[in-house]
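The entries follow in the order in which I made them.

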Amino acid sequence: MAERCTYKMFVSWSIYPRILCRSTCKGSLTSWYPVFGALILVLLLVLQLSMSVLLKTDDRPTDNYVQHVVRKLTELEYANLEAKSVSSNRAGSNIIDLCDAFPHALEGKIEPLSLLKTFPEVRPGGFWRPTDCEPRHTVAIVVPYRDRLEHLEIFLKYIHTILFRQKLEYRIFIVEQATGCTFNRGMLMNIGFLEAMKHGNFSCIVFHDVDLLPEMDDNLYSCSVTPKHMSVNIDKFDYRIPYDSLFGGVVAFSKDHFKFINGFANRYFGWGGEDDDIKRRVDNRGLTVIRPPDSVARYSMLKHGAEAGNKANPIRYFEMKRALEVQNVDGLSSMAFNPNMYKVLDTKLMDLYTKITVEIHKIEVLKVLPTLFPIRPRHPWISSKFRKFIAKEKT
Ligand code: UD2
Ligand code: MN
């Protein structure tokens, strides 16, 4: 009888309302309290365990771990490249080893301004390749430039040290825009790309602002399987990315990917827009952007103000709206279609770089594109100043 009562009580407590149990086996419920207590404790324990597994709050991989994974992945990537290049490079009898994917000379953090020195080993035109091993990458560094001599001098002395340590075959191209037309960073990059290809068969191109100095020598100036944004964390922005889709500063593209997206847009005159536009081009072609780990992608920006010849482009937001629509028209394709868009005035082999001076012809650049404002806007919110600007753009 006692057993039946206990059984009934257990079933009733767990399934039926407690009042039912009280009516059948009054008085013996208290003897089960320790068991219920234990059950509740076990339940709480299980709940806590499953929550910690689901939320994973305290076992996120460390930055070092992420770096390690990225490096392993990159090594795998390099191993594939190695298999290809070994067959082509080692046909002769003078076999030397491929340079390490992560050369031993890399130290991590460097003090930008402590490195300035001269480089007798760099060949005229800013060309260098290691002699003790076969370089894995052939890189063109393309820098858009006008009237920032102070920055250029610091940049050149500094960047060579890092590129030596990384055992790259490289050449630096400074693409200088002649006076007379608003600065056009995107188009200078395209010109740099086309001109660099005349000087060598570069498989990788790093597009680089002149005022950015890498703080870590293991931020590799080589290309990856997808386009790479290298200047993620800059001192000027407290080493935090201002917005997630940022793609300005320093970016690396394989030659094929750069052609695949049709290069930079040429239609951005003045400051801004061209960097967000190229990010849209990359996304539109289904390419993902990779970034080195936060602790590696660190840069210092040399101080500067806004230049008179590079005022903020007032129509950049309008232009960005049609970024995808004109992707195939505006870029490397239009430069091949209309060779009058620019003129190379001079190519000089300087001690530490190749200097390409170009003249950009704005009217020719815009000529190949559909008019941005086909109907003259009559909305009351458009100021007369802006109306005049649009009218000028149309001519
Ligand atoms: C941001 C971007 C830059 C570019 C620009 C908008 C980052 C870190 N930087 O830079 O990549 O998208 O906005 O156009 O995201 N330059 C000259 N002479 C001039 C003007 C410009 O040489 O008179 C060159 C130089 O290489 C310079 C670069 O163009 O570093 C970008 O111009 P900026 O430094 O004035 O623009 P900033 O720092 O706002
Ligand atoms: Mn800058």
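Which polar side-chain atom lies 2.7 Å from an oxygen atom of ligand 1? I looked this up in what is a predicted model, and found that the atom belongs to Glu274. I then noted that, taken alone, ligand 1 exposes 730 Å², of which the protein buries 93%.

Next I turned to the backbone. I found a polar backbone atom of Val210 at 3.0 Å from an oxygen atom of ligand 1, and a backbone N or O atom of Gly272 at 3.1 Å from an oxygen atom of ligand 1.

For the site as a whole, I noted that ligand 1 sits in the largest pocket, and that the elements giving two or more residues to the shell around ligand 1 are β2 (138-145) and α8 (274-284). I listed 21 residues around ligand 1, of which Pro144, Arg146, Arg148, Gly249 and Glu274 come nearest. Sorting the shell by class, I got eight nonpolar, five polar and eight charged residues.

My last entry concerns a sheet. I traced three strands that form an open sheet with mixed pairing, in the order β5-β9-β7, and I recorded β5 (212-214) and β7 (233-234) as the edge strands, each of which pairs on one side only. In which sense do β5 and β9 pair, parallel or antiparallel? I found that β5 and strand β9 (residues 298-301) pair in the antiparallel sense, over three bridges, and that Leu212 stands opposite Met301 in β9.

Note on methods
Residues numbered from 1 in each chain as written. Chains lettered and ligands numbered in written order. Predicted model: local features only at pLDDT ≥ 70, side-chain atom pairs only at ≥ 80, totals over all residues. Heavy atoms only, no water. Near = heavy atom within 4 Å. Polar contact = N/O pair within 3.5 Å; in protein donor to acceptor, adjacent residues only side chain to side chain. Areas by Shrake-Rupley, 256 points an atom, 1.4 Å probe, with all protein chains shown as cover. 1 Å grid on protein atoms, 1.4 Å probe; cavity = no way out; pocket = protein on both sides within 12 Å on 5 of 7 lines; lining within 4 Å. Sits in = over half its atoms within 2 Å of the grid points. Helix = DSSP H or I, 4+ residues; strand = E, 2+ residues; numbered from the N terminus. Nonpolar A, V, L, I, M, F, W, Y, C, P; charged D, E, K, R; others polar. Pairing = 2+ DSSP bridges.
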